[in-house]
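Q: Could you take me through one part of this structure closely, for someone who has not seen it before? I would like to know how two neighbouring parts of a chain meet.

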2 protein chains.
Amino acid sequence: MTSNSKYDRDMHRNAANYVPLSPLSFLRRTADVFPTRTAVVDGDTRRTWADTYRRCRQLASALSQRGIGTGDTVAVMAPNTAVLLEAHFGVPMCGAVLNALNTRLDADAIAFILEHGEAEVLICDHEYAPIVKTAVTKLSHPILIVDADDGLATDVEHIGELDYEQLLEEGGADYEWSLPGDEWDAISLNYTSGTTGNPKGVVYHHRGAYLGAIGNVVTWHMPQQPVYLWTLPMFHCNGWCFPWAVTAIAGTHICLRKVEPEAIFDAIEANGVTHLCGAPIVMNMMAEYARAKDIRLSKPVHMMTAGSAPPSAVLRRMEEIGFDVTHTYGLTEVYGPTSICDWHEEWNHLAADERAAMKARQGVRYEVQEEFTVVNPETLEPVPHDGETMGELVFRGNAVMKGYLKNPDTSAECFEGGYFRTGDLGVVHADKYVEIRDRSKDIIISGGENISSIEVEDALYQHPSVSEAAVVARPDAKWGESPCAFVTLRADTTASEEEIIEHCQSRLARFKCPRTIVFTELPKTSTGKIQKFLLREQACNL
Amino acid sequence: MTSNSKYDRDMHRNAANYVPLSPLSFLRRTADVFPTRTAVVDGDTRRTWADTYRRCRQLASALSQRGIGTGDTVAVMAPNTAVLLEAHFGVPMCGAVLNALNTRLDADAIAFILEHGEAEVLICDHEYAPIVKTAVTKLSHPILIVDADDGLATDVEHIGELDYEQLLEEGGADYEWSLPGDEWDAISLNYTSGTTGNPKGVVYHHRGAYLGAIGNVVTWHMPQQPVYLWTLPMFHCNGWCFPWAVTAIAGTHICLRKVEPEAIFDAIEANGVTHLCGAPIVMNMMAEYARAKDIRLSKPVHMMTAGSAPPSAVLRRMEEIGFDVTHTYGLTEVYGPTSICDWHEEWNHLAADERAAMKARQGVRYEVQEEFTVVNPETLEPVPHDGETMGELVFRGNAVMKGYLKNPDTSAECFEGGYFRTGDLGVVHADKYVEIRDRSKDIIISGGENISSIEVEDALYQHPSVSEAAVVARPDAKWGESPCAFVTLRADTTASEEEIIEHCQSRLARFKCPRTIVFTELPKTSTGKIQKFLLREQACNL
């Protein structure tokens, strides 16, 4: 812009040719173009885009009248309801930052987040009133609590100053909201689940949210007006940007209070669902249920999965039920998934197992992301594309967070070398597709050899009796560490420790096979990730 | 960025989280992910994405070695060939600006553009060697001419210092190109055809080109890997950003040297074409040919049309042949079409004529555009959404040019009031869809009443013998102006002036009916627009 080139002279940005990128623009367009189309289905409530836009403007207006604006934080504690969807637009429309809270956290963790994020308003679904009531007693600053009660439950405790619908009534339906002053302005704050230490507050900007949403549409080849089922928590990386993406293409959001397989299959049938997302553990739950009930989908449904590497056996089962599964990879810091195992037609001719193995790879960057590769963590040189040399997975591009809130050291550390450092370990194949081998902390080092816990889990999942499996390091006097497997068996099956180990030995190098098998239920995070740190503790005490 | 908010502190843009938006990123990704897929078919030549990327890098490298870089202009005079496609990437990859020349212009106009745009290199297809040879004699600065000869024609005159393939050989296939320093940097220069005065040089920036391309994918719901036929001139608004859009989704570009109906239908059949673009006049030519040859498509093909309002009769005929026509609207200044007649399912139940009338509207903004509406040209207030009140069509958003090159006054004028002023006149319907009524200069004022030339043309096209029609103002002693129609009849039909006028009277208010009918061939611009200024001259002299 300071250049003297003829191409810069007298050609500055102006009101006509430059507008900050923001997903808020999507809502206004969809409400303009498809006002009567169904925007959201939440229990018995159905609302159009005109209605939804009006309510979002009312929310923004009401918050603004109460003094909330740029740089302020509005927290929401809610399952996947219309309220949380509206907050994705209404909160930033008044300039504020949305902090969607992980509903599985305890009162202490919620209190930490509200304190650290300096939330001034908290909209709380009635389901979480008890925990929020405790959490707010620990805060050093005042907070306005708003009850969100959809009227479906009885015996609901009201802890707020007013109700969400009352708050909306305070606001004007014709509120003149504005785009952010700068597309680099914060739009949301998402705390990582943080298996160790305090959670970190990941800050998203409008530009990244816009591009992340567009990225889902383009990279997943979403058609116009999909019917999207909310199986993925909206509080998790802002639902991988799908509140904005589905809105951009005038789809319908189908809310879901409880992520349970019966409710999922019912909702798919009742609403003609075309798209949904979920962690592999959700897919596994769905696959197990469909097997038990002998369910086949009447027409194919697109499912995006990410969050951990999906066992190929689960991928295969989902295919059999009628799901077209797309495997993606990402982290909170990169707006959810922004790499995809982009599919090659010729892979359709592979045997089911090989196809699933191809699909289990983390793949290549989204169109909106600039780089996704694996580098030597010391030198930052790219590893050779040999499918063997391990390195750290890194991202670079516009769908990377601003940084961690009030945490400059950790921010600087994770951006070291001009990449976002994921902490995940993997390889690059000859076709440039990345495959994750492990989280750095999940890798098992036995007799000096690296063992990928994922590879061992993949072998376990191929056993017909295994419903879920997780492998961690167990301290070993001779080898340093040895693989220890935690396994859940299918309800109607049995298998002995020896049988499972033998099964692994038929598929894996001997040193990679688990030496211990524990039959148990697996502890999980709210997003369905298995909590390996708990299993590691357990393995240490065996 | 200068705010003291907690959301800005220590959260600056860095190499990991901020990358200039540029369509150049699309090429690198597609070459990485789908290296062996066919990128381009040009006559007997087929090239993969790996090949195409290599050639673009070589082009960038060779230009760079010859001293071409940021702020320099590289012109190309070529039909829709692989060379011009490669230039869309190779030229900006070395920092330079692509100036694709309108191949229908005469030597004087070409000379004016080369002089005004300060082109330092000109890549010239052999077909245009004679005209370019004359044009460059008029330049006051030296220019490197590169011959592009695909070897298919004989008796070709070489006017350049070297051949395009020789130029590529000078360049390194591993050239380390870089993204622009700023996404606001110029990527291309497109001269408007300019019916009066000298052409104006519209400057595009990388950000707009990126979003324009993404806009086509999202708003036209393009699937992954389309087969795109180049019926639209690539020199026209950079082919409406489709060189970049089709590349982003790893499609295949089918080149086409001559836009003739037989060649179009042959190419559709031979290559399994899924998408193409063209002005209504191209659709009309295709529809006439298909009618004569009784052609029906074996599977639906998506066609985008823009450039002037398509007569509903032509839309209906295209539907019958098997084209799924999407009607869009735009201008060079807004990166080609960035409004679309976004379709509502319920309109499928309308009668064919009503459906075509709905589709003939210019519609609503692309997702990537911020505003498209109609305002009072004096006050800039939006007109009421009554389908009657006329005003000026305006755009605002990121797919709007930087400005006109070396023309600050005209730039300032067209951006007056914070909108890009199109100079087109129209209305907004109750459903917020915009409909164009006329170019300001095309409106006919008869006895103080405005007559839309488009409305009269629409009536003419409904006559079974009319193949093409254009209506302009003719000076009239009594009424000031009266409508004068220029009509081309179908080869196998006849119709008298009286018969045509009677046909119009059965459909239009009497004052709107043409008083004069001239049977003739219509003069057209290179992009198939009817040159009304020539017809107006003719009408004056009748």
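A: In chain A, the C-alpha centres of domain 2 and domain 3 lie 21 Å apart. Chain A is divided into domain 1 (24–214), domain 2 (279–440) and domain 3 (444–540), with bounds that come from an automatic or database domain assignment. This is a predicted model, in which local features need pLDDT of at least 70 and side-chain atom pairs count only at pLDDT 80 or more, while totals for chains, interfaces and linings use all residues. Residues are numbered from 1 along each chain as its sequence is written, and chains are lettered from A and ligands numbered from 1 in the order in which they are written.

The contact between the two domains of chain A takes 16 residues from domain 2 and 15 residues from domain 3, where two residues are in contact if their C-beta atoms, placed from the backbone, lie within 7 Å. On the side of domain 2 of chain A that touches domain 3, the elements giving two or more residues are helix H11 (280–293), helix H12 (312–321) and strand E21 (434–439) of chain A; helices (H or I, at least four residues) and strands (E, at least two) are DSSP runs, numbered from the N terminus. The largest share of that side, four residues, comes from H11(A).
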